[in-house]
Amino acid sequence: MFGSRRQLTATSVSACIVRHACRYATLLGIIWFDIRGKHSDGALVAQNRFWYKWFCLLSRVLLSCFYGYIGVGFIRELTNPHLITQSWIRLFCCIICSVVIVVLQFWYGQRVLRLVNNFLRLFRRVKALPGCSDMEFGGRRELGLLIFKLMCMLYEFFCEIPTLFSKFELAHNSYILCDMYTTISGMMVCHACFVGFLSVGALYGQVNRYVRHELRRQLRGLEQPNGFRANRQELKAARYRLNECLAIYDEIQRVSIAFQQLIDLPLSLVLLFLFLSMTMVSYFVMLNGYRNLSMWLLAIKLFMDVVLLTLAIHGAGSSSRVIRTLSLENCYVTERNDWHMRLEIFLNRLNLYEFRVNPLGLFEISNELILVFLSGLVTYLTYILQYGVQSNQF
């Protein structure tokens, strides 16, 4: 009755979420380019839109200046020293995130476009592998992480709506709108990093599945009984598939390195912003006697952002290390020395350039990072609680 229906799978739902998230980022002025299919083959390509780029730059600069001017006046009305310090830190982080977005769009715009097109080309190459035609974006793990990320994005948009309608004053509503725009834009940098590392993990995971279930079976099928060799055509086809997989692995590694170099400083600033925001929100929760539900939800949301980013990076790193366990060197394809030398160089390069995320070379983002931050946060809140009890503020 409804005609042909598209099969609903985890990878198609994940691609749909990413597609709508890109439209949301375009509406906020984070993404200034257009992603559309070519007329020849329908392949997705990112194309620059200069008029929208300049509109995003000018509007962001004006709104950030207005937000900074109003925010300074708001901070001057505060009396609590801890609240004043944390408000200054939050204002400074939001302005810095806006400056980072402007720099990325103005000075690194072409580099971002090339990186996005490299990701799109990688997904096309992986999808062209035999048995991978239904692959769009990852699997169930990626879908689960994207659903939690979608919940975080929905909350950060709607959490300020009650404050916006609490007063019907032009100055108040203008400041709340600028605060929403600046804060959400800063968080979009974190979301973009999350999607980038999730894409790297999805690419590694799909090629690993193909090599494990399809390619290794085909290569083992070349080992004929009684010492007979497979015919030349079968060897040539198997060698071509294995060469394509190695080329895809190499390109994923190059693209992931280029992505890390591009977002090295923004990722460091976003993590600093998240940790400081969690500290400030936790202080607000204690200040209100643990009775403010919205503050509790905001603290959980900020913590989930850090956890999801860490899980995306951990998944990409784990998928990149799976390649070593596939034992490609044990599969017979040819006796030519140049082939075995190429495979050995490829495996040695994997050991040399292990996938790690070290923002500015200061620390490695891993699951241990969450425990380190939580221990520091508990120490800080314990100190604040003791100080508040002694001064009768709690």
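Trainee: How many helices and strands does the protein have?

Mentor: Twelve helices and two strands. Keep in mind that the model is predicted.

Trainee: In what order do the elements run from the N terminus?

Mentor: α-β-β-α-α-α-α-α-α-α-α-α-α-α.

Trainee: What share of the residues is buried?

Mentor: Buried residues make up 47% of the 394 in the protein.

Trainee: On to the core. How many residues are in the largest nonpolar core?

Mentor: It has 99 residues. Those with the most contacts inside it are F33, M188, F194, F197, I252, L267 and L309.

Trainee: Which helix gives the most to this core?

Mentor: α7, with 21 residues. There is also a second, separate core of five residues, which includes L78, L83, M280 and Y283.

Trainee: Back to F194. What is F194 in contact with?

Mentor: Leaving aside neighbours within four places in sequence, F194 contacts L145, L146, K149, L308, L309 and A312.

Trainee: Is S199 buried or exposed?

Mentor: Buried. The cut-off for that is under 20% relative accessible area, and S199 counts as buried because its relative accessibility is 6%.

Trainee: What does S199 touch?

Mentor: F119, F123 and F137, not counting residues up to four places away in sequence.

Trainee: Now L122. Which helix does L122 lie in?

Mentor: Helix α4, residues 109-127. L122 is buried, with a relative accessible area of 0%.

Trainee: What does L122 touch?

Mentor: L203, I248, E251, I252 and V255, again not counting residues up to four places away in sequence. I252 is also one of the residues with the most contacts inside the largest nonpolar core.

Trainee: How far apart are L122 and V200 in sequence and in space?

Mentor: 78 residues apart in sequence, and 9.8 Å apart in space, C-alpha to C-alpha.

Trainee: Let's switch to helix packing. At what angle do α1 and α5 pack?

Mentor: About 30°, with the axes 9 Å apart. Angles under 35 degrees count as roughly parallel, so α1 is roughly parallel to α5. The crossing of α1 and α5 is left-handed.

Trainee: Which residues make the contact?

Mentor: From α1, A10, V13, S14, I17, V18 and Y24. From α5, R140, E142, L143, L146, I147, M153 and F157. By class, the contact of α1 with α5 has ten nonpolar, one polar and two charged residues.

Trainee: M153 is in that list. Is M153 buried or exposed?

Mentor: M153 counts as buried, at 10% relative accessibility. Leaving aside neighbours within four places in sequence, M153 is in contact with Y24, M188 and H191.

Trainee: How far apart are M153 and A21?

Mentor: 132 residues in sequence, but 9.2 Å in space, C-alpha to C-alpha.

Trainee: What about α5 and α10? At what angle do they pack?

Mentor: About 150°, with axes 10 Å apart. Over 145 counts as roughly antiparallel, so α5 and α10 are roughly antiparallel to each other. Their crossing is left-handed.

Trainee: Which residues meet there?

Mentor: On α5, R141, L145, F148, K149, C152, Y155 and E156.

Trainee: How many charged residues are in the contact of α5 with α10?

Mentor: Five, along with ten nonpolar and two polar residues.

Trainee: Last pair. At what angle do α9 and α10 pack?

Mentor: About 155°, with the axes 9 Å apart. That makes α9 roughly antiparallel to α10. α9 passes α10 in a left-handed crossing.

Trainee: What classes of residue make up the contact of α9 with α10?

Mentor: 16 nonpolar, one polar and one charged.

Notes:
Residues are numbered from 1 along each chain as its sequence is written. This is a predicted model: local features need pLDDT of at least 70, side-chain atom pairs count only at pLDDT 80 or more; totals for chains, interfaces and linings use all residues. Side-chain values use heavy atoms; hydrogens and water are left out. Buried means under 20% relative accessible area, exposed over 50%, partly exposed in between (1.4 Å probe, protein chains only). Contact means heavy atoms within 4.5 Å. A nonpolar core is a set of buried Ala, Val, Leu, Ile, Met, Phe, Trp, Tyr and Cys residues joined through side-chain atoms within 4.5 Å. Helices (H or I, at least four residues) and strands (E, at least two) are DSSP runs, numbered from the N terminus. Axes are lines fitted to C-alpha atoms, for helices over the stretch in contact, and angles run from 0 to 180 degrees between N-to-C directions. Angles under 35 degrees count as roughly parallel, over 145 as roughly antiparallel, 65 to 115 as roughly perpendicular and the rest as oblique. A crossing is left-handed if the near helix is turned anticlockwise from the far one by less than a right angle, and right-handed if clockwise. Ala, Val, Leu, Ile, Met, Phe, Trp, Tyr, Cys and Pro count as nonpolar, Asp, Glu, Lys and Arg as charged, and the others, Gly among them, as polar.
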